[in-house]
Amino acid sequence: SAPQVQRLWEACQLPDFRKIAPEEHARLVGRIAGYILPDRGRIPREWANAEIEKLDRPQGDLDMLQQRLAHVRTWSYIAHRADWLDDAETFRARTRDVEDKLSDALHEALTQRFIDRRTSALLKSLKREDALPASVSADGEVTVEGHHVGRLDGLAFVPDPKAIGLEGRAVRNAALRALRPEVSRRLAHIASCDDAAMSLGRDGRIRIDGAAIARIVAGGAPLKPKLDLIGADNAGVAERAAAQQRVAGWLEKTIATVLRPLVSIETAWREAELRGEARGIAFRLLENGGALDRGGEDPAAFTPDATEALQRLGVRVGKQSVFVPQLLKPRAAHVLAILWHAAHPHRGHHGVFLPRPGALSAPLDHSRWWGECAAAGYRPCGRVAIRFDIVERLVEALDSDAQPDDGALAQLIGRPVRELAGVLTTLGYRRDETTKFWKPHTAKPKKTRPVKHGPFAELATLLPPAQHRRRGRPA
């Protein structure tokens, strides 16, 4: 009948995923047609379950897995014919699950075959005495005898993360041997490269042509940092030392040039060119990121002679801060902030503080030490850090006879009006309710103990006042 011819034609359209033989495929089509040609005919559930069960085995070699995967795809096609099976939805889920298992097993088998071949080739090549043929692409991809083994990032070899165990050791050993000439060439390039090719990143790493080749080691002094090469551990001592000396020389020259005012202050302090109060202030500048909160220092220390001596070194003694204007330039702030962060690793828990170049202010999302803000050229004012020269402009505007309104003051520091009150309160100002102007907060001066002189003067400042000492026991 016409319906039976239609059903037979549908059965003949079954794709031959298995590719075994035409006779085998015709036999399968004939059996399916025999089940579905009768009116409301269906493929028996028992036969379908048994055939799929045979394929649900993700073990075996590549050929066997590929064959099972082809078979299950045939049954997946059958399961998508709702008029061939009574419970087609259940069979679709079952064949999909088996197909996923076999696909994963086939992928692992293919990967293992590649790894085994690569491991075998690399282990065999390590037994030879001649140099291994290695190539490094423009983006750093490394191949040894045609096998991908990892990438060369600057001087550091990063092995293929898929290579583990014996294969990982073979990859690493083969790459280190094969890359020895390339690493030596790069070290020689570093030892003779121009200053313009080097740059210092905010992560404390020195780069040449974009590749990190050295890093600043934590713990050194800001103006005398320590650094180490990244990678090239198996290179010759002399060629490695030459490259490191070149990078250290560049960094030293950069500090001497970009941070010249701070270097001059350090030299004047170390060689005792500064006297009295000026020498003490210079030391405080060096240990606090190149700037001081004037309100936190002894006012008596800023004598005319001390102020004049500091000004000759480029120091500005402002109303709120003592700082070096030359250090506020973007490049100087960039270098000093990175050096200060490396010198104080236990204080910089949130990464180096370094606002964008030219920013008047920046939010403080985390608690920051004075030194890490000052090294970048900013004064912490509550939840906001404001550049030192902008703070002085703000104070001048506040102390002028025609004090600007809050909108103009907020615009001056580059912050919203809602943040102005917190900034001014931190700087020691309060709103005068009568005039509605901001005025310096005049607090009663704290009582201080008289300064004692003599050999025990320093010890005396550490002792509590007499009224707090307990009788009969040493303080």
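Start by selecting I390, R393, L394, A397 and L398 in helix α14, which meet L409, L412 and I413 in helix α15. Contact here means heavy atoms within 4.5 Å, and helices (H or I, at least four residues) and strands (E, at least two) are DSSP runs, numbered from the N terminus. A word on what you have open: this is a predicted model, in which local features need pLDDT of at least 70 and side-chain atom pairs count only at pLDDT 80 or more, while totals for chains, interfaces and linings use all residues. Residues are numbered from 1 along each chain as its sequence is written, and side-chain values use heavy atoms, with hydrogens and water left out.

**Stop 1: α14 and α15**

Now show both helices whole: α14 spans residues 388–399 and α15 spans residues 406–413. Two packed helices are described by the angle between their axes and the distance between the axes. For this pair the axes come within 9 Å and cross at roughly 160 degrees. The axes are lines fitted to C-alpha atoms, for helices over the stretch in contact, and angles run from 0 to 180 degrees between N-to-C directions. That angle makes α14 roughly antiparallel to α15; angles under 35 degrees count as roughly parallel, over 145 as roughly antiparallel, 65 to 115 as roughly perpendicular and the rest as oblique. The crossing of α14 and α15 is right-handed. A crossing is called left-handed if the near helix is turned anticlockwise from the far one by less than a right angle, and right-handed if clockwise.

**Stop 2: α9 and α10**

To see the contact, select L262, I265, E266, W269 and R270 on α9, then R279, A282, F283, L285 and L286 on α10.

Stay with L285, which lies in α10. Is L285 buried or exposed? L285 counts as buried, because its relative accessibility is 0%; buried means under 20% relative accessible area, exposed over 50%, and partly exposed in between (1.4 Å probe, protein chains only). Leaving aside neighbours within four places in sequence, L285 is in contact with I265, G290, A291, L292, V315 and V322.

**Stop 3: the nonpolar cores**

Next, colour the largest nonpolar core, which has 67 residues; L187, I206, I213, V247, L259 and F353 touch the most other members. A nonpolar core is a set of buried Ala, Val, Leu, Ile, Met, Phe, Trp, Tyr and Cys residues joined through side-chain atoms within 4.5 Å. Helix α12 (residues 330–343) supplies the largest share of this core, with eight residues. A second, separate core of 25 residues can be coloured too; V29, I52, I78 and A105 are among its members.

Zoom in on F353. Not counting residues up to four places away in sequence, F353 touches A337, A362, L364, R368, E372, C373, A376, Y378 and A385.

**Stop 4: the cysteines**

C373, one of those partners of F353, is buried, with a relative accessible area of 0%. How many disulfides does the structure hold? There are zero disulfides, a disulfide being a pair of cysteine sulfur atoms within 2.5 Å. For C373, the nearest cysteine sulfur is that of C381, 9.3 Å away. C12 is partly exposed, at 43% relative accessible area.

**Stop 5: two positive phi angles**

Select D209, in the loop between β6 (205–208) and β7 (211–221). Although D209 is not a glycine, its phi is positive, about 55 degrees. D209 is exposed, with a relative accessible area of 64%.

Then go to A232, in the loop between β8 (224–229) and α8 (237–258). A232 is not a glycine either, and has a positive phi of about 60 degrees. A232 is buried, with a relative accessible area of 7%.

**Stop 6**

Find Q67 in helix α4 (residues 62–79). Q67 counts as partly exposed, at 44% relative accessibility. Its C-alpha is 9.2 Å from that of F17, although Q67 and F17 are 50 residues apart in sequence.

Finally, zoom out. The protein chain has 17 helices and 16 strands, and 41% of its 475 residues are buried. Of the contacts with a separation of 6 or more, 55% join residues 24 or more positions apart.
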